[in-house]
Amino acid sequence: QVQLQESGPGLVKTSQTLSLTCTVSGGSITTNYYYWGWIRQPPGKGLEWIGYIAYSGNSVYSPSLKSRTSISRDTSKNQFTLQLSSVTPEDTAVYYCARWGGWYNGYDYWGQGTQVTVSS
């Protein structure tokens, strides 16, 4: 059973960099052909895809967030990390990490989510 767990600060100040880590257990982040993503949900809004890092180590980002986003990984710890720079209160959301299991399964395993609030 694959499990994902987000960790990181729940409060970030405007203009700083938000940094969250997802720790994966029950499966390796280097296993072909899985992708490991970050998704967020602002209050009162729908889910927004941020980006992913592939089993190969390549990363792809949402065009609307690309200039501020970096997703990296530590294979020795089986973790992947989101960094979102120059945050504003509009980046306040519940942040989720999840595994993409292919077009048939979609995002099939999710973390429980972590609330991040950006204060001015």
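Select Arg-99 to begin: at 9% relative accessibility, Arg-99 counts as buried, since the cut-off for that label is under 20%. Bear in mind that you are looking at a predicted model. Asp-108 itself is partly exposed, at a relative accessible area of 26%. Keep Arg-99 on screen and bring in Tyr-34: Arg-99 lies over the face of that ring, 3.8 Å from the ring centre.

**The charged network**

Next, pick Arg-40, Glu-48, Arg-68 and Asp-91. Salt bridges that share partners join these residues into one network. Side chains of opposite charge can pair when their charged atoms come close.

Zoom in on Asp-91. How buried is Asp-91, by relative accessible area? The value is 2%, so Asp-91 counts as buried. From there, draw a distance to Arg-40: the two side chains meet in a salt bridge, 2.8 Å from N to O. Arg-40 sits in strand E4 (residues 35–41), while Asp-91 is in the loop between strand E8 (79–84) and strand E9 (93–100), and the pair links parts of the chain 51 residues apart.

If you want a tally for the structure, the count comes to four salt bridges.

Select Thr-92, which is found in the loop between E8 and E9. Is Thr-92 buried or exposed? With 14% relative accessibility, Thr-92 counts as buried. Show backbone atoms here, as the side chain has two polar contacts to look at. The Thr-92 side chain reaches the backbone oxygen of Pro-89 at 3.0 Å. A polar atom of the Thr-92 side chain also lies 2.9 Å from the backbone nitrogen of Val-118.

**The disulfide**

Now jump to the sulfurs. The structure holds one disulfide, made by Cys-22 and Cys-97 with their sulfur atoms 2.1 Å apart. Cys-22 lies in strand E3 (residues 18–25) and Cys-97 in strand E9, so the pair ties together parts that are 75 residues apart in sequence. Which hand does the disulfide have? The torsion about the S-S bond is about 65 degrees, so the disulfide is right-handed. Both Cys-22 and Cys-97 are buried.

**The nonpolar core**

Colour Trp-38, Phe-80 and Tyr-95 next. These are the residues with the most contacts inside the largest nonpolar core, which has 24 residues. To see where the core comes from, highlight E3, E4, strand E5 (48–54), E8, E9 and strand E11 (114–119), the elements that give two or more residues to it. Which element gives the largest share? That is E3, with four residues.

**Aromatic rings**

Finish with the rings, where the count comes to ten aromatic pairs. Start with Trp-49 and Tyr-52: their centres are 6.0 Å apart, with 50 degrees between the planes, and the pair is tilted. Trp-49 counts as partly exposed at 28% relative accessibility, and Tyr-52 is partly exposed as well, with a relative accessible area of 21%.

For another geometry, go to Tyr-96 and Trp-110. The ring centres are 5.7 Å apart and the planes stand at 80 degrees, so this pair is edge-to-face. Tyr-96 is in strand E9 and Trp-110 in strand E10 (residues 107–110), 14 residues apart. Tyr-96 is buried, with a relative accessible area of 18%, whereas Trp-110 is partly exposed, with 35%.

Last stop: select Tyr-33, Tyr-35, Trp-49, Tyr-52 and Tyr-55 together. Ring pairs link these residues into a cluster, and the tilted pair of Trp-49 and Tyr-52 is there to be found again.

Methods: Residues are numbered from 1 along each chain as its sequence is written. This is a predicted model: local features need pLDDT of at least 70, side-chain atom pairs count only at pLDDT 80 or more; totals for chains, interfaces and linings use all residues. Side-chain values use heavy atoms; hydrogens and water are left out. Buried means under 20% relative accessible area, exposed over 50%, partly exposed in between (1.4 Å probe, protein chains only). Rings of Phe, Tyr and Trp (its six-membered ring) pair if their centres lie within 6.5 Å; planes under 30 degrees apart count as stacked, over 60 as edge-to-face and the rest as tilted. A charge sits over a ring if NZ of Lys or CZ of Arg is within 6 Å of the ring centre and within 35 degrees of the ring normal. A disulfide is a pair of cysteine sulfur atoms within 2.5 Å. A nonpolar core is a set of buried Ala, Val, Leu, Ile, Met, Phe, Trp, Tyr and Cys residues joined through side-chain atoms within 4.5 Å. A polar contact is a pair of N or O atoms within 3.5 Å; within protein, one must be able to donate a hydrogen and the other to accept it, and residues adjacent in sequence count only if both atoms are side-chain atoms.
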